[in-house]
Amino acid sequence: EKRKLLRIRSLNATTLDGTQVELLANIELPQEIEQARENGAMGVGLFRSEFLYLNRGDLPDEDEQYAAYSAVVKGMRGLPVTIRTFDLGADKSLNNNHRTSTNPALGLRAIRMSLAEPAMFLTQLRAILRASKHGCARILIPMLSSDHEINQTLQMVKLAKQSLLDEKKPFDQNIQIGCMIEIPAAALCLEQFMQKLDFISIGTNDLIQYTLAIDRVDETVAHLFDPLHPAVLWLLARTIRLASKADVPVSVCGEMAGDSRYTRLLLGMGLQRFSMYPAQLLTVKREILGSHLPNIMPLTQKILRAAESDKIHGLLQKLNS
Ligand code: PEP
Ligand code: MG
């Protein structure tokens with residue numbers, strides 16, 4: 001079984017009808033790019049940079065971050081490397097300065113934290129920009145929820161670029177900046193967001209959490225965490241459709257992208273970029289190689305029109321058979 005999978009490692013991820021799909025890797029630490037490359041990843045779709053911090057308890061300085069980002073960018077040899085700025089939460093606060101919150105997932109997290117700690121944010125942006133000279137780096141912003149946050153974020157990127165220009169330090173002036181679509185408000189305001197950003201990546205883990213009001217780390221409601229809830233499917237399909245129409249690159253980097261039960265459903269919604277743990281790449285590729293879009297599309301539309309969970313599960317089984 002494993003050997004069979006390894007045989008497809010060097011094949012392009014193309015459907016039976018000839019649609020090219022891009023398979024990317026989610027990584028948490030630089031050394032994981034080895035496994036990503038071994039499994040044929042066409043780039044890094046999500047580098048969860050906060051793991052540089054979570055594994056040691058204090059923030060790496062600019063040079064340490066530059067070293068980590070450069071290692072990944074160089075290691076991927078010109079393939080795109082999407083570095084997500086820190087997704088630190090209220091429960092993982094800086095300098096042991098514990099901020100308490102009754103709803104950490106709704107608190108000072110991700111870009112909210114970065115904007116509240118501008119020195120930390122600028123340091124990270126400078127490190128990413130400096131690493132961009134070694135290949136193809138892209139900046140991904142987690143948890144954006146409003147136009148105001150986008151403006152503030154872009155202003156910080158501008159400041160970081162200007163400081164490097166002043167110091168005559170090289171970087172990719174055209175570095176792409178994208179955002180995670182993981183809050184329903186962002187999905188609903190997608191058109192405005194896309195006017196200011198270069199690409200989007202859908203974080204289904206949080207999108208499901210926030211759409212269904214199910215805490216993703218609370219075991220007592222884990223059975224209610226449902227990727228196939230009609231509201232989730234509707235937001236996903238809408239986001240993929242609007243981005244494709246606007247020619248804005250869109251990927252899914254939440255767990256759904258690496259779960260082969262959902263590969264055809266996402267293909268049927270028009271998704272052509274999937275980002276997942278390296279170990280999942282070949283299983284998803286095998287699913288893509290055996291898929292025929294003209295067959296999948298009509299069934300996917302049926303699933304999107306279905307309102308009942310049993311019906312959706314039945315149709316999905318048909319789609320996957
Ligand atoms: C997501 O929310 O789907 C995602 C990819 O980000 P994380 O799991 O790191 O929150
Ligand atoms: Mg997330």
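Guide: Start with Lys4, which counts as exposed with 9 C-beta neighbours inside 10 Å.

Visitor: What should I know about the model itself?

Guide: It is a predicted model, in which local features need pLDDT of at least 70 and side-chain atom pairs count only at pLDDT 80 or more, while totals for chains, interfaces and linings use all residues. Residues are numbered from 1 along each chain as its sequence is written, and chains are lettered from A and ligands numbered from 1 in the order in which they are written.

Visitor: Which residues does UniProt list for "binding site"?

Guide: An unreviewed entry lists Glu182 and Asp206. They are spread over 25 residues of sequence, but cluster in space, with a largest C-alpha distance of 5.2 Å. For "binding site" the unreviewed entry also lists Arg48, Arg84, Asn205, Asp206 and Arg216. The positions follow the numbering used here, feature names are shortened, and annotations may be inferred rather than shown by experiment.

Visitor: What makes Glu182 count as buried or exposed?

Guide: Glu182 has 26 C-beta neighbours inside 10 Å, therefore it counts as buried. It sits in the loop between strand S5 (176-181) and helix H8 (184-188). Beyond its neighbours within four places in sequence, Glu182 is in contact (C-beta atoms, placed from the backbone, within 7 Å) with Met143, Gly203, Asp206 and Leu207.

Visitor: How do you know the classes of Asp206 and Asn205?

Guide: Asp206 has 22 C-beta neighbours inside 10 Å, so it is buried. Asn205 has 16, so it is partly exposed. Leaving out residues up to four places away in sequence, Asn205 touches Arg216, Gly254 and Glu255.

Visitor: Which residues surround ligand 1?

Guide: Leu46, Arg48, Asp87, Glu182, Gly203, Thr204, Asn205, Asp206, Cys253 and Gly254 do, near meaning a C-beta atom, placed from the backbone, within 6 Å of the molecule. Strand S2 (44-48) and H10 each give two or more residues to this shell, and H10 gives the most, with three. By class there are two nonpolar, four polar and four charged residues. Ala, Val, Leu, Ile, Met, Phe, Trp, Tyr, Cys and Pro count as nonpolar, Asp, Glu, Lys and Arg as charged, and the others, Gly among them, as polar.

Visitor: What makes the phi of Lys168 worth a remark?

Guide: Most residues other than glycine have a negative phi. Lys168 is not a glycine, yet its phi is positive at about 55 degrees. It is in the loop between helix H7 (147-166) and S5, and with 6 C-beta neighbours inside 10 Å it counts as exposed. Asp247, also not a glycine, has a positive phi of about 60 degrees. Asp247 is exposed because it has 7 other C-beta atoms within 10 Å.

Visitor: How do you know where the buried residues of helix H13 lie around its axis?

Guide: The buried residues of H13 (residues 281-289) are Leu281, Leu282, Val284, Lys285 and Ile288. They cover an arc of only 160 degrees around the axis, so they are on the same side of H13; the arc is that of the directions from the helix axis to the C-beta atoms. They pack against helix H1 (2-7), strand S1 (22-27), helix H12 (263-268) and strand S8 (273-276).

Visitor: What makes S1 and S8 a pair?

Guide: Strands pair if DSSP finds at least two bridges between them. S1 and S8 have four, in the parallel sense.

Definitions and conventions. A residue is buried if 20 or more other C-beta atoms lie within 10 Å of its own, exposed if 12 or fewer, and partly exposed in between; C-beta atoms are placed from the backbone. Two residues are in contact if their C-beta atoms, placed from the backbone, lie within 7 Å.
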